[in-house]
Amino acid sequence: MPAPESPLIIALDYPDLGAALQLADALDPARCRVKVGKELFTRAGPAAVEALHSRGFQVFLDLKFHDIPNTAAGAVEAAADLGVWMVNVHAAGGRRMMEASAERLVKRGLETHLIAVTVLTSMTDDELQETGVADSALSQVERLARLTQESGLDGVVCSAHESARLRELCGAGFLKVTPGIRPPSAEQGDQRRVMTPDAAMAAGSTHLVIGRAVTRAADPMAALADIELALAGSS
Ligand code: C5P
């Protein structure tokens with residue numbers, strides 16, 4: 001499978017495989033990766049991943065596992081056995097859960113990237129406080145990113161607002177996969193900590209997850225081309 005140079009990961013957030021593949025068939029696996037999330041995977045299962053692999057795409061399986069160490073590690077192993085490029089857990093699951101998951105991949109010699117979600121990009125400081133976290137989103141992201149790195153994972157999911165700080169804290173090689181990406185013309189939707197694609201890359205994001213800005217655009221391919229143009233102009 002070719003490894004695209006592009007940092008773009010298109011989120012195929014569709015309720016059925018047919019709709020997801022319709023968009024995938026318009027995309028070029030040399031120009032982006034794709035992300036299969038909870039909605040599509042719950043409806044279509046591993047067949048969704050297989051269909052995308054057979055079209056040449058590298059797949060980020062975004063199931064955000066959060067469970068006891070043995071269960072999370074088993075789920076991560078199962079994802080890696082599907083041959084996905086990347087899989088993730090919630091950093092809030094803690095050190096032992098993350099270590100067990102990372103160790104399972106090493107033990108099996110599986111090369112799937114394992115990253116951890118820090119704080120969801122849809123959450124504000126106030127919403128975080130309601131869950132019992134008194135710190136700001138930034139402090140909580142820093143804490144969880146350090147824990148993720150110490151636990152032996154390859155990187156984190158964070159908002160682009162935190163990428164620059166995490167580049168200082170964890171280094172440039174530590175992956176910073178950032179959803180909540182919105183071109184200037186796109187709607188914010190339910191996301192809160194958003195940033196434009198070129199600003200996110202300048203801030204230190206290594207990969208950009210783009211969902212509705214492309215999938216819900218009147219012309220998805222034109223929306224994607226605009227994002228590529230913005231990135232080319234800023235690199
Ligand atoms: O449509 P939009 O660009 O907001 O989609 C963002 C995608 O990234 C969704 O699939 C969502 O589940 C995912 N995501 C997120 N925030 C995280 C982790 C993943 O928005 N922290």
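## Strands E5 and E6

Ile115 stands opposite Gly155 in strand E6. Strand E5 (residues 113-117) and E6 (residues 155-157) run parallel and are joined by 3 bridges; two strands pair if DSSP finds at least two bridges between them. Helices (H or I, at least four residues) and strands (E, at least two) are DSSP runs, numbered from the N terminus.

This is a predicted model, in which local features need pLDDT of at least 70 and side-chain atom pairs count only at pLDDT 80 or more, while totals for chains, interfaces and linings use all residues. Residues are numbered from 1 along each chain as its sequence is written, and side-chain values use heavy atoms, with hydrogens and water left out.

## The barrel

The pairing is parallel in a barrel that 8 strands close in the order E1-E2-E3-E4-E5-E6-E7-E8. From one strand to the next, the twist averages 25°. Angles run from 0 to 180 degrees between N-to-C directions, and axes are lines fitted to C-alpha atoms, for helices over the stretch in contact.

## Strand E3 and its neighbours

Of the 7 residues of strand E3 (residues 59-65), 6 are buried, so that the strand is mostly covered; buried means under 20% relative accessible area, exposed over 50%, and partly exposed in between (1.4 Å probe, protein chains only). E3 pairs with strand E2 (residues 33-36) in the parallel sense over 3 bridges, and Val34 stands opposite Val59 in E3. E3 is also joined by 3 bridges to strand E4 (residues 86-90), and these two run parallel. Here Met86 in E4 is the bridge partner of Phe60.

## Helix H3 and its packing

H3 lies across E2 and E3, running at about 160° to E3. The buried residues in H3 are Ala48, Val49, Ala51, Leu52 and His53. They pack against H1, E2, helix H2 (38-44) and E3, where contact means heavy atoms within 4.5 Å. Just after H3, Gly56 takes a positive phi of about 95°.

Helix H1 (residues 17-26) packs with H3 (residues 46-54) at an angle of about 20°, their axes being 11 Å apart. H1 is therefore roughly parallel to H3, since angles under 35 degrees count as roughly parallel, over 145 as roughly antiparallel, 65 to 115 as roughly perpendicular and the rest as oblique. On the H1 side, Leu17, Leu21 and Ala24 meet Ala47, Ala48, Ala51 and Leu52 in H3. By class, this contact has 7 nonpolar, no polar and no charged residues; Ala, Val, Leu, Ile, Met, Phe, Trp, Tyr, Cys and Pro count as nonpolar, Asp, Glu, Lys and Arg as charged, and the others, Gly among them, as polar.
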